[in-house]
Amino acid sequence: MKVAVIFGGSSEERDVSIASGMEVMTGLKAAGHAVIAVDTAKGVLTSEDERSLAGFEVMKKPPESQALVQAHGQSPIAMVNAVELNNVDVVFITLHGGSGEDGTFQALLEESNIPFTGSGHVGSAIAMDKDVSKRLMVAAGVPTPAWQMCIPGVKKSTENKLGFPVVVKPNAQGSTIGLTLVHDPVALPSAIDKAAQFDDEIMLEMYIDGREFTVGILDGHALSVGEIVAPSDIFDYESKYQCGGAQEIFPADIPAAKTQEIKELGVQVHRILKLGGYSRVDFRMDGDGYLWCLEANSVPGLTPTSLLPQSAKTAGIEFSELCERICLLGIKRSWSGKKDR
């Protein structure tokens, strides 16, 4: 296969995207495929550019505001119109956040009949919007923590409906960027202000005190379930992307029945949100053993410390094979769509 790996982007997760893109390139090359590296800020990379990014490390702290990253990247239309994308078998999307994950880039690729990995524009948009995702979960009977969107007088209504502690986060953001765990009413306004730096829609979500689990989904089937043991109450940016930041246990040390329950719920959420190809679904389990779905990730990280590759490896799928299968699923969906038309 000839694969164009797209990474970079102008979202707050640009660093994570570059790290994922470089890892995917290495995996696909190891599997014998021809790879074109495309950084949205620079276009097609030369061999020298690729070497300079080898071993790229995600920055230790998340960006403090959306304005800090907006200068990076071409428009999605410019990327889709790049001649390099019209001469490949599939585009491997490793753009995290922003127009690379919210369905914008996917819709343009669909319109241009260019095969690509992951979910289509509808599923991508749904998964990116946490409020919409949770509404669909509730409608389907999937347990998810109670929440409310930020409105005038939110401090009072939060105390009445959700109590404390409460998670405050941007509605359409990943990697826990802009997220704060608030323990008392005094800290709530500053947490809302922080989240508002990244989105004009803010979600307040009931905090589930308990163990955190994740499961990868590939081609509609659940991979291995893992447990995340973070050094603090939240699996935050530093814990996700810095070596030694959190303990990630695959397979999770839980009863087989609970593992199966997580897998079944993960596949159900993947389908409910109309996701395709692959995804990762995250859960919390409270002290009574009850599972709560936190969210689904339509373009989960593929960095050296990312959870999806660990979930796949424990299920017997090495990284190169994972990348290859993701590509083949993208091509398969593209051909299915053409037949439908």
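Predicted model: local features only at pLDDT ≥ 70, side-chain atom pairs only at ≥ 80, totals over all residues.
Let me begin with Cys150, which counts as partly exposed at 30% relative accessibility, where partly exposed lies between buried, under 20% relative accessible area, and exposed, over 50%, with a 1.4 Å probe and protein chains only. Residues are numbered from 1 along each chain as its sequence is written, and side-chain values use heavy atoms, with hydrogens and water left out.

Staying with the cysteines for a moment, Cys293 is buried, with a relative accessibility of 0%, whereas Cys150 is partly exposed. How many disulfides are there by the rule that two cysteine sulfur atoms lie within 2.5 Å? The count is zero.

Now to the chain as a whole. The protein chain holds twelve helices and 13 strands, taken as DSSP runs numbered from the N terminus, with helices being H or I of at least four residues and strands being E of at least two. Of its 341 residues, 55% are buried, and its accessible surface is about 14600 Å², with 52% of that belonging to carbon and sulfur atoms; these areas come from the Shrake-Rupley method with a 1.4 Å probe, and for residues only the protein chains shown count as cover. If we take contacts, meaning heavy atoms within 4.5 Å, between residues at least 6 apart in sequence, then 69% of them join residues at least 24 apart.

Next, the charged pairs. Side chains of opposite charge can pair when their charged atoms come close. The whole structure contains eight salt bridges, each being a side-chain nitrogen of Lys or Arg within 4 Å of a carboxyl oxygen of Asp or Glu.

One of them joins Asp131 and Arg135 at 3.2 Å, N to O, and because these two are four residues apart in helix H6, residues 130-140, about one helical turn separates them. Which of these two partners is buried and which is exposed? Asp131 is buried at 12% relative accessibility, while Arg135 is exposed at 52%.

Lys258 is buried, with a relative accessible area of 17%, and Glu261 is partly exposed at 31%.

In a further salt bridge, Asp282 meets Arg280 at 2.9 Å, N to O; Asp282 is buried at 5% relative accessible area, and Arg280 is buried as well, at 8%. There is also a network, in which salt bridges with shared partners join Lys134, Lys169 and Glu205.

Finally, I would like you to look at Ala4, which sits in strand E1, residues 2-7, and which is buried at 0% relative accessibility. What does Ala4 touch, once residues up to four places away in sequence are set aside? Its contacts are Ile36, Leu85, Val88, Val90, Val91 and Phe92.

Note on methods: Disulfide = S-S within 2.5 Å.
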